Amino acid sequence: MAFADSPSLLIELYRTMARIRAFENAAEIASQGGVAAWGLAAAAKPALVRGPLHLSTGQEAVAVGVCKHLTHQDLLTSTHRGHGHTLAKGASVVPMMCELFGRATGTNQGKGGSMHIADFSVGMLGANGVVAAGIPIAVGAAHALKIKGEPHVVACFFGDGAVNRGPFLEGLNWAKVYELPVLFVCEDNRISATTPTAPMTGGDGAMARARSLGLDGLTVDGNDVMAVHDATATLVAQVRAGGGPRFLHALTYRFKGHVSVDPGTYRDATEVEAALLSDPLGLARAKLLALGVTAGDVDAIDVAARAEVAAAVAAAEAAPWPEARAAFEDVANTGGRGPWR
């Protein structure tokens with residue numbers, strides 16, 4: 001049945017976006033108790049999440065539209081802004097929230113936190129605090145899949161700021177030379193931390209650079225989840241058919257500041273106001289209503305997502321802290337010698 005005849009696919013995509021939005025909103029609030037050190041008014045209760053978070057609020061459609069085409073066995077690498085990718089790949093809300101809270105029941109036993117969250121059980125190889133560092137990891141994983149003859153693919157998410165770093169050139173070049181099964185996904189939110197990306201980028205940007213290395217790809221409205229979904233369907237099919245790496249350039253917008261305690265006042269207010277009119281959830285909601293889905297049914301999805309995340313917050317707050325001896329687990333054994341030797 002074609003999408004135009006049934007809203008079921010869009011409902012499924014919207015449900016995942018709503019879960020991500022609810023997660024990010026709750027995580028943001030949980031991290032804002034300790035903002036006095038940033039020169040802002042302190043919240044009424046201490047922060048439940050220690051340290052600021054990099055939120056993906058406003059970019060949900062890219063994660064959801066891409067990950068809908070990934071199987072459980074496919075792999076994914078993420079950025080420092082990786083909550084949405086992890087949830088879209090199938091990770092559970094409770095252990096993810098526990099990880100942000102630094103608790104022993106987190107996906108990484110509370111040791112990774114937000115910027116290094118990973119869940120190998122769903123093929124999520126990890127977020128990364130270093131810009132562009134996920135690219136060579138994804139390429140290495142894709143090369144391993146090819147050598148082993150496995151039929152899976154790797155999705156590699158990164159931001160527009162990453163195209164100005166060395167691993168971008170090295171990673172895409174290696175992937176093309178060896179025709180590796182990897183989909184590169186540039187989440188182009190037009191800003192690198194607190195600086196607009198365009199004035200710092202020579203030439204015509206991400207897609208032009210990918211094509212200069214021989215990668216085919218598509219540019220898409222990254223706030224339109226169905227547009228992302230359809231473009232990804234085309235590209236992933238080509239990768240799975242042995243066509244080598246492909247490139248998805250998704251134009252989106254980060255609604256929040258660089259981190260969860262950053263008010264983002266360096267952005268023009270009219271720019272932010274205009275961007276909010278293209279909220280991925282708002283656009284998807286409008287499409288659902290046009291397809292005959294009732295406002296009540298869409299509201300019920302939002303309510304369910306918030307309830308699920310609220311339960312996760314309560315579970316995380318009640319979860320145990322890691323034991324002190326856990327600090328010495330999962331550490332590489334150097335045979336008594338320091339890694340500096």
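**Sheet, flanking helices and cores**

In this predicted model, helix α8 (residues 225-240) lies across β3, β6 and β7 (246-251), at about 170° to β6. Helices (H or I, at least four residues) and strands (E, at least two) are DSSP runs numbered from the N terminus, and angles, from 0 to 180 degrees, are taken between N-to-C directions of axes fitted to C-alpha atoms, for helices over the stretch in contact. Contact here means heavy atoms within 4.5 Å. Helix α5 (residues 134-148) lies across β1, β2 and β3, again at about 170°, this time to β2.

The sheet itself is open, with 5 strands in the order β1-β2-β3-β7-β6 and parallel pairing; two strands count as paired if DSSP finds at least two bridges between them. β1 (75-77) and β6 (216-221) sit at the edges with a single partner strand each, so one side of each has no neighbour in the sheet. On average, neighbouring strands are turned by 20° against each other, direction ignored. Strands β2 (residues 154-159) and β3 (residues 182-188) share 6 parallel bridges, and Val154 faces Val182 in β3.

As for the cores (sets of buried Ala, Val, Leu, Ile, Met, Phe, Trp, Tyr and Cys residues joined through side-chain atoms within 4.5 Å; buried is under 20% relative accessible area, 1.4 Å probe, protein chains only), the largest has 64 residues, with Tyr14, Met97, Phe101 and Leu248 touching the most other members. Helix α1 (residues 8-31) gives the most to this core, 12 residues. A separate core of 26 residues includes Leu75 and Phe168.

Residues are numbered from 1 along each chain as its sequence is written, and side-chain values use heavy atoms, leaving out hydrogens and water. Local features need pLDDT of at least 70 and side-chain atom pairs 80 or more, while totals for chains, interfaces and linings use all residues.

Conventions:
Buried means under 20% relative accessible area, exposed over 50%, partly exposed in between (1.4 Å probe, protein chains only).
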